[in-house]
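Biologist: I have a model open on my screen and would like to understand the words used to describe it. Could you take me through them?

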Amino acid sequence: MLQLDSHPSGRHYLQIPGPSPVPDRILRAISLPTIDHRGPEFGLLGLKVLAGMRTLFKTRHPVIIYPASGTGAWEAALANTLSPGDQVLMFETGHFASLWAKMAARLHLSTEVLAGRGDDEQLPAAPNWRQGVQAELIEKRLRQDTERKIKAVCVVHNETSTGVTSDIAAVRAAMDAAGHPALLMVDTISGLACADYQHDAWGVDVAISGSQKGLMLPPGISFNALSPRALDAMKTATLPRSFWAWDDIVEANKAGYWPYTPSTNLLYGLSESLDMIFSEGLERVFARHDRWAAGVRSAVTAWGLPIQCADPRLYSPVLTGVITPAGVDADALRRMIFERFDLSLGVGLGKVKGRMFRIGHLGDSNDLTLLATLAGCEMGLKLMGVKLAGSGVHAAMDYFSTHHAQSSLQKVA
Ligand code: PLP
């Protein structure tokens, strides 16, 4: 029986890479009374959150906010800019990149998926799910496209299924080097507000993000950040769209409103989230995530287990994928850790099901929360009979105590 309000004592440890824990401050903001979404106060709220999202995406151009999960914003990006039969070039970095490609095919786009080659001893079923986007392969493919049939290149910034953060500036440079006019679309659903993202500077045409990761909100709203080229493409794109259509939304947003009923209370939460992020400072937010990620990786290394991301330049600040030893079912491990220690870890998705688990270290967290999380993992691994090389908890304690946070904690007088 479903018992949402009946949990063991203490806080549940929600350490999946999104939805991430929602801070009390945001929950309180969301609990305020719903107001008239056509009234004067709402317009001020709308203008504030739209401006805040532009700052977060680092763009001067419109940002769209949908009452939908990230998947809706994926569809919106494609439906607003492309026409049936258009070729799109995707790069398989993991499960989410694959799902986006599947969606493009369902929308009657002609989808081509590039993937890195090579073998991998640890993850033979998904060797390329340990790497990021290889910009040189994109450049090579675009150079071959002399008829300019490819209309969009779609890549995932932070691949939540693997813990690899791709270099988007390198993808833009590859497209420029090939002199190809395709649009660049970037899924930064789990990257935004954890890893640096620079919409205008990186020349991204459509970015997609969601509420339930770095923004620390419940799931339910998602975003498209646009470019002038994306808005131009919209004028000739013929994929059917109605709910997702940018034109009506951009028009209504000018005064802070939406053409339909927006998620009023989630927008209260977004307003609070933006206040929290900007008062801390974006650079500090990124540094905080980088430091947590390094501490967690020090634990995984001390255990002697492989980190899924095989390229240290691309370690994710959002999550760490941990490959379990052959014969150790990562799903059984996760289940046991949940039942024994009330800790939720991310599941291995798609091709890596049962072969890895994911530790989320994003949003509303701190050193001690992560140490408890690592303790839960370490106890679970031992209970599953995994021979660990050493104590990850000790390694992370050493890391956190010797690497000072730029924290906003107060000194006790
Ligand atoms: N893309 C990435 C990188 C994700 O992490 C997710 C969800 O975790 C999605 C797309 C799908 O978003 P949603 O589940 O909000 O529809």
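Modeller: Happy to! Let's start with handedness: a crossing is left-handed if the near helix is turned anticlockwise from the far one by less than a right angle, and right-handed if clockwise. Helices (H or I, at least four residues) and strands (E, at least two) are DSSP runs, numbered from the N terminus. By that rule, α10 passes α12 in a right-handed crossing. This is a predicted model, where local features need pLDDT of at least 70, side-chain atom pairs count only at pLDDT 80 or more, and totals for chains, interfaces and linings use all residues. Residues are numbered from 1 along each chain as its sequence is written, and side-chain values use heavy atoms, leaving out hydrogens and water.

Biologist: Why are α10 and α12 called roughly parallel?

Modeller: The axes of α10 (residues 282-303) and α12 (residues 367-383) cross at roughly 20° and come within 11 Å. Axes are lines fitted to C-alpha atoms, for helices over the stretch in contact, with angles from 0 to 180 degrees between N-to-C directions. Angles under 35 degrees count as roughly parallel, over 145 as roughly antiparallel, 65 to 115 as roughly perpendicular and the rest as oblique. The pair α10 and α12 is therefore roughly parallel.

Biologist: And what makes α12 roughly antiparallel to α13?

Modeller: Here the axes of α12 and α13 (residues 392-402) cross at roughly 165° and come within 9 Å. That angle makes the two helices roughly antiparallel. α12 passes α13 in a right-handed crossing.

Biologist: Which residues of α12 meet α13?

Modeller: With contact meaning heavy atoms within 4.5 Å, D367, L370, L371, L374, A375 and E378 in α12 meet G392, V393, A396, M397 and F400 in α13.

Biologist: Why does G348 count as buried?

Modeller: Its relative accessibility is 4%, so G348 counts as buried. G348 lies in the loop between β12 (343-345) and β13 (356-360). Leaving aside residues up to four places away in sequence, G348 touches D331, K353, G354 and M356. The C-alpha atoms of G348 and T162 are separated by 8.4 Å, although these residues are 186 residues apart along the chain.

Notes. Buried < 20%, exposed > 50% of the residue type's maximum accessible area, 1.4 Å probe, protein only.
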